[in-house]
Amino acid sequence: MTLSPVFRSESAVRLLHEEGIWEALEPAVASQARAVRRVLEDLDGVIDESFLDPMPALPDGRNPLDPEALGFLQEYFFLILFRSLFESVGVHGDRLDRYAEVNFCIKGTITAADNLFDDQAKSLLPLAATDGPRFHSILQLMCFERLIRRSLDRWHEAGDMEGASRHRILKGLIDLMGEIGRLEGSEEGGVKEIPEPAAMVDAVHRIRGGALFALAFVAPAVLEEGEVAERMARAEPAVARLGTAFQIVDDLTDFEFDVGRRSHNLLVSEIHHNGGPDEQALLSRLRSGEVQAGPSMVEGPFQRSARAVLQRAYDEARGAFSSLEALGFWFPTRLADDVVHAIVGLEGVRRMERLAVE
């Protein structure tokens, strides 16, 4: 999975404005845009210009009606949220932009790697079109490996970080990415066992989603001290729970894809262990290849189990935002369910609307 674009539906966009989320995030939007711009400006020193398209336009964060600004917020919502959270727990000054740079490089690396696992071609760099989407993703991986080093080198050269800290950050990132990748790799040939839902959440979703979000805390864990470090340490498990919620929702939107490749999926687990006889019989036929997954099965014949899975996502998100609110973060816990509905791509909006538990 990746830190995919979210808040794509009309109702989600209204929520951003009506609840004042956009206004609260304006400084973080501008900061994240500066960070993306700074990293992209490093590209011409990393790879020949013949591989590059023109630099994309980036927003300044001040005009929420600007389509570029909305698109940027949708693409980078979680990185922007992390940046806002970091400021809330006491990080200030240039360090906020520097963390935003690192997090952009993390997102780009994960996106490129996910492309290779899922045969996709998403890109966060203005790389010119090439023959072969896999090569394009490999090129992204190589570029982001260099870009994150250049970002940390710039930080070190400014006298704000010791060389040993730079090494610890890079090692911490690859260690945690390796843990996530090891889980992904274990599914390459399909999985045979279907763990019970609670066991699957702990063994799969808290890694694939929770550890993914925890990557944002690797650099602060190395560099922050005192009260800020203590508050960061309290925020990290809450953010990991939000990542877990995101992955649970991802399982609902990716059900058809996951059944086809026989990878871990929480809805499959819920049906297999707790579903009604009709649900279990249909799942068995799907997994044997007797029938193909249709576009409305989740919100149709599997609706009961799908709602149980969605409730787990609600619980994780509510717990996450409640913990962050206790730390003084401005985002209201009462909007947790709305965030769960909003953290899907356009293809998942209709499904969330039909499954939403009143």
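View 1. Glu 87 and Arg 83 lie four residues apart in helix α4 (residues 77-88), so about one helical turn separates them. Their side chains meet in a salt bridge, with 2.6 Å from N to O; a salt bridge here is a side-chain nitrogen of Lys or Arg within 4 Å of a carboxyl oxygen of Asp or Glu. Glu 87 is partly exposed at 32% relative accessibility, whereas Arg 83 is buried at 8%. Buried means under 20% relative accessible area, exposed over 50%, and partly exposed in between (1.4 Å probe, protein chains only). Helices are DSSP runs of H or I with at least four residues, numbered from the N terminus.

The model is predicted: local features need pLDDT of at least 70, side-chain atom pairs count only at pLDDT 80 or more, and totals for chains, interfaces and linings use all residues. Residues are numbered from 1 along each chain as its sequence is written, and side-chain values use heavy atoms, leaving out hydrogens and water.

View 2. Asp 175 and Lys 171 form a salt bridge of 2.8 Å, N to O. The two are four residues apart in helix α7 (residues 163-186), which means a separation of about one helical turn. Asp 175 is partly exposed at 42% relative accessibility, and Lys 171 is partly exposed at 43%.

**View 3. A salt-bridge network.** Salt bridges with shared partners join Arg 38, Glu 41, Asp 42, Glu 101 and Arg 154 into one network. Within the pair Arg 38 and Asp 42, the closest N and O atoms are 3.0 Å apart. Arg 38 is partly exposed at 29% relative accessibility, while Asp 42 is buried at 5%. The whole structure holds 29 salt bridges.

View 4. Most residues other than glycine have a negative phi. Asp 119, in the loop between α5 and α6 (133-157), has a phi of about 55 degrees. Asp 119 is exposed, with a relative accessible area of 56%. Arg 262 sits in the loop between α11 (255-261) and α12, and its phi is near 60 degrees. Arg 262 is partly exposed at 30%.

**View 5. Leu 283 in helix α13.** Leu 283 belongs to helix α13 (residues 277-288) and is buried, with a relative accessible area of 3%. Its C-alpha atom is separated by 7.5 Å from that of His 272, eleven residues apart along the chain.
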